[in-house]
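Subject: Structure for your review

Hello,

Here is the structure for you to look over. My notes are below it.

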Amino acid sequence: MARNQQWHDDYWLLLMQAYLSKPTGLKPVYCRRMVNLSMELHIAPQLLHDRMKQIALLSTPRIKRIWREYSNNPRKLNRAAQLLRQMNGFGMADDFYNGVDIQETFESDFRPISPDTQFTPVMLTLILNLYFQLTPLTMVAETPEVQALARLLRQPVADVVEVLDIFQHCDPYLNRNEVMFSTLFPACQSVWQRFACGAPEQLEAYARQLEEYFR
């Protein structure tokens, strides 16, 4: 059995709560608050962002009504949002869905690739974007861009350098045929296959958006 969460009108309350959080207004697609809400609702961040645009424009009578009722009463909105969350799975969502296969898409990109690492596919994607901006000789701990990305990801510089080295093994143009034993290799190879064959400017634009999650 799969649970594919779809939009429900009650979710306007949760999305408005995010919209009204400081700084009030339309949030970046991949800011942490939007991603966390997306993970909670199993609705992709891009789709939530499109819905939030409707709030910004007060585009429907229903949104206008909710705005009139809650926009100037944050306590009332917070109570309504809290009640809605408590009703999820009758207040026991984890137990309610225990043993049920959850149909997920984007969620795994924001979760660690294995229990023994903090790296997520999103983090590897940012490192891959940096990979295409450097040469092999500059993929070292002393390079300022490597240090800056490590700080953004809150990871040791040496670990970022390790991922850059793994991507060199994924790069067919470098012809590095030695065996790679890193446990990160399968995930790096998967990210390489997803993005390396596309236009570099598309990867860079996506990476710029993803950076918001770590700020």
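What follows is a summary of the fold, then notes on one helix, several loop residues and the cysteines.

**Overall**

This is a predicted model. The protein averages a pLDDT of 89, and 90% of the residues score at least 70. Over residues 90–102, however, the pLDDT is below 50, and this stretch has 12 contacts in the model beyond near neighbours in sequence.

The secondary structure amounts to 11 helices and 2 strands, and along the sequence these follow the pattern β-α-α-α-α-α-α-β-α-α-α-α-α. Of the 215 residues in the protein, 43% are buried. Among contacts with a separation of 6 or more, 60% are between residues 24 or more positions apart. The protein exposes about 12600 Å², and carbon and sulfur atoms supply 53% of that area.

**Helix α8**

Helix α8 spans residues 144–153, and its buried residues are Val146, Leu149, Ala150, Leu152 and Leu153. Why do they lie on the same side of α8? They cover an arc of only 160° around the axis, and this puts them on one and the same side of the helix. In general, an α-helix has 3.6 residues a turn, so residues three or four places apart point the same way. The other side of α8 has Pro144 and Arg151, which are exposed. The buried residues of α8 pack against α7 (121–131) and α9 (157–170).

**Positive phi**

Just after α8 comes Arg154, with a positive phi of about 55°. Arg154 is in the loop between α8 and α9, and counts as exposed at 57% relative accessibility. Asn175 also has a positive phi of about 55°, although it is not a glycine. Asn175 sits in the loop between α9 and α10 (185–195); its relative accessible area is 57%, so it is exposed.

**Other loop residues**

The loop between α7 and α8 holds Pro136. Not counting residues up to four places away in sequence, Pro136 touches Gln168 and Leu174. Pro136 and Leu164 are 28 residues apart in sequence, and their C-alpha atoms are 8.6 Å apart in space.

Thr117 is in the loop between β2 (101–102) and α7. Thr117 has a relative accessible area of 17%, so it is buried, the cut-off being under 20%. A polar atom of the Thr117 side chain lies 3.1 Å from the backbone nitrogen of Phe119. Setting aside residues up to four places away in sequence, Thr117 touches Pro112 and Leu184.

The peptide bond from Lys22 to Pro23 is cis, with omega near -5°. Pro23 is in the loop between α1 (11–20) and α2 (32–41).

**Cysteines**

How many disulfides does the model have? The count comes to 0 disulfides, taking a pair of cysteine sulfur atoms within 2.5 Å as the criterion. Cys31 is buried, with a relative accessible area of 11%, whereas Cys197 counts as exposed at 73% relative accessibility.

Regards

Terms used. Residues are numbered from 1 along each chain as its sequence is written. This is a predicted model: local features need pLDDT of at least 70, side-chain atom pairs count only at pLDDT 80 or more; totals for chains, interfaces and linings use all residues. Side-chain values use heavy atoms; hydrogens and water are left out. Buried means under 20% relative accessible area, exposed over 50%, partly exposed in between (1.4 Å probe, protein chains only). Helices (H or I, at least four residues) and strands (E, at least two) are DSSP runs, numbered from the N terminus. The arc is that of the directions from the helix axis to the C-beta atoms. Contact means heavy atoms within 4.5 Å. Accessible areas come from the Shrake-Rupley method with a 1.4 Å probe; for residues, only the protein chains shown count as cover. A polar contact is a pair of N or O atoms within 3.5 Å; within protein, one must be able to donate a hydrogen and the other to accept it, and residues adjacent in sequence count only if both atoms are side-chain atoms. pLDDT is the predictor's confidence in each residue, from 0 to 100.
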